[in-house]
Amino acid sequence: MNRLEEMQIYLRVAEMASFTKAAQSLQLPKASASNAVRQLESALGTRLLHRTTRQVQMTQDGMAFYERCKDVLADVEELETMFEDDDLEISGRLRVDMPIGLARHVIVPRLPEFLATHPRLQIELSSTDRRVDLVAEGFDCVIRVGALGDSALIARPLGQLRQLNCASPAYVARRGTPRTIDDLARHDLIHYVASLGNADSGFEYLDAGQVRTVKMGGAVTVSNSDAYQAACLAGLGIIQAPETGVGDLIVQGQLVELLPDYQAPALPVSLLYANRRHLPKRAQRFMAWVSELMRAYAS
């Protein structure tokens, strides 16, 4: 194993604070990851990591070396590709994360086209409604839907997703069709929260550019977009969801659009990546492809 490979392993271990997780993400035996870091420490003459049975933490020297490592490896990758034609085939592993609904309805159905253009590329696609830690979990980029918090990450806006109010035909037949905001007092909302135990804000709609909220009853609270849609299809109440996920179901008659004049604010979509001087070409190509793809879905 050469020094650059040892540095790459060290970066992943430091970011994930675990030899086991780092080895799994790099598809290496744990012993190989441990040995690589030991060889690096021996060559440098300093301890880079504090190791305990529960966690791995960088030492002061380890943190300084980590920052230099990122720059060195980025420079090496740029040097290796600086004379390549932009049309040259890219390769390697790309690790990305995105919300479940966006993966299912937008990205994954079109992914064969991207991989046909770049057959030597390997993609690890994480799909979760949890907001992952891009740096700590070793992602090249992530796609996020909704407002962004304060972050050192670079954000590239991709547009906004229109939201629709929906319910199942069975629910409408049983409870009636709400025509006005006041009618919602007699209806159930399927509550969506980022994590169970949090409070749902209620039914949201725009009124003269201002966001209004109506508190509603409802027996079901979910923290996953798949469960959110499934609960609606099961007739448990009304949901407010991006058109990308429910549009086809409305056309097929599995869901019914409600209160079209009282839509929730559109959801911003963003591509996020680490604040590095150089991004691998595989990440650049993927991000450019996603940006172009989202033009058909986000306004």
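**Exercise 1. Find which residue in S12 is the bridge partner of Gln163, then work out how the strands of this sheet are arranged.**

Solution, working in this predicted model:

- Step 1. Start at Gln163, whose bridge partner in S12 is Pro242.
- Step 2. Widen the view to the whole strand: S7 covers residues 163-167 and is joined to S12 by four bridges, with the two running antiparallel.
- Step 3. Now bring in S13. The order S12-S7-S13 makes an open sheet of three strands, paired antiparallel.
- Step 4. Look at the edges. S12 (239-242) and S13 (256-258) each have a single partner strand, so one side of each lacks a neighbour in the sheet.

**Exercise 2. Which strands does helix H7 lie across, and which does helix H8 lie across?**

Solution: 

- Step 1. Take H7, residues 225-233: this helix lies across S7 and S12, at about 130 degrees to S12.
- Step 2. Move on to H8, residues 243-251, which lies across S7, S12 and S13 and runs at about 110 degrees to S12.

**Exercise 3. Is Leu94 buried or exposed, and which residues is Leu94 in contact with beyond its neighbours within four places in sequence?**

Solution: 

- Step 1. Locate Leu94 in strand S3, residues 92-98.
- Step 2. Its relative accessibility is 0%, so Leu94 counts as buried, the cut-off being under 20%.
- Step 3. List the contacts, leaving aside neighbours within four places in sequence: among them are Leu121, Ile123, Asp140, Arg282 and Phe286.

Methods. Residues are numbered from 1 along each chain as its sequence is written. This is a predicted model: local features need pLDDT of at least 70, side-chain atom pairs count only at pLDDT 80 or more; totals for chains, interfaces and linings use all residues. Side-chain values use heavy atoms; hydrogens and water are left out. Two strands pair if DSSP finds at least two bridges between them. Contact means heavy atoms within 4.5 Å. Axes are lines fitted to C-alpha atoms, for helices over the stretch in contact, and angles run from 0 to 180 degrees between N-to-C directions. Buried means under 20% relative accessible area, exposed over 50%, partly exposed in between (1.4 Å probe, protein chains only).
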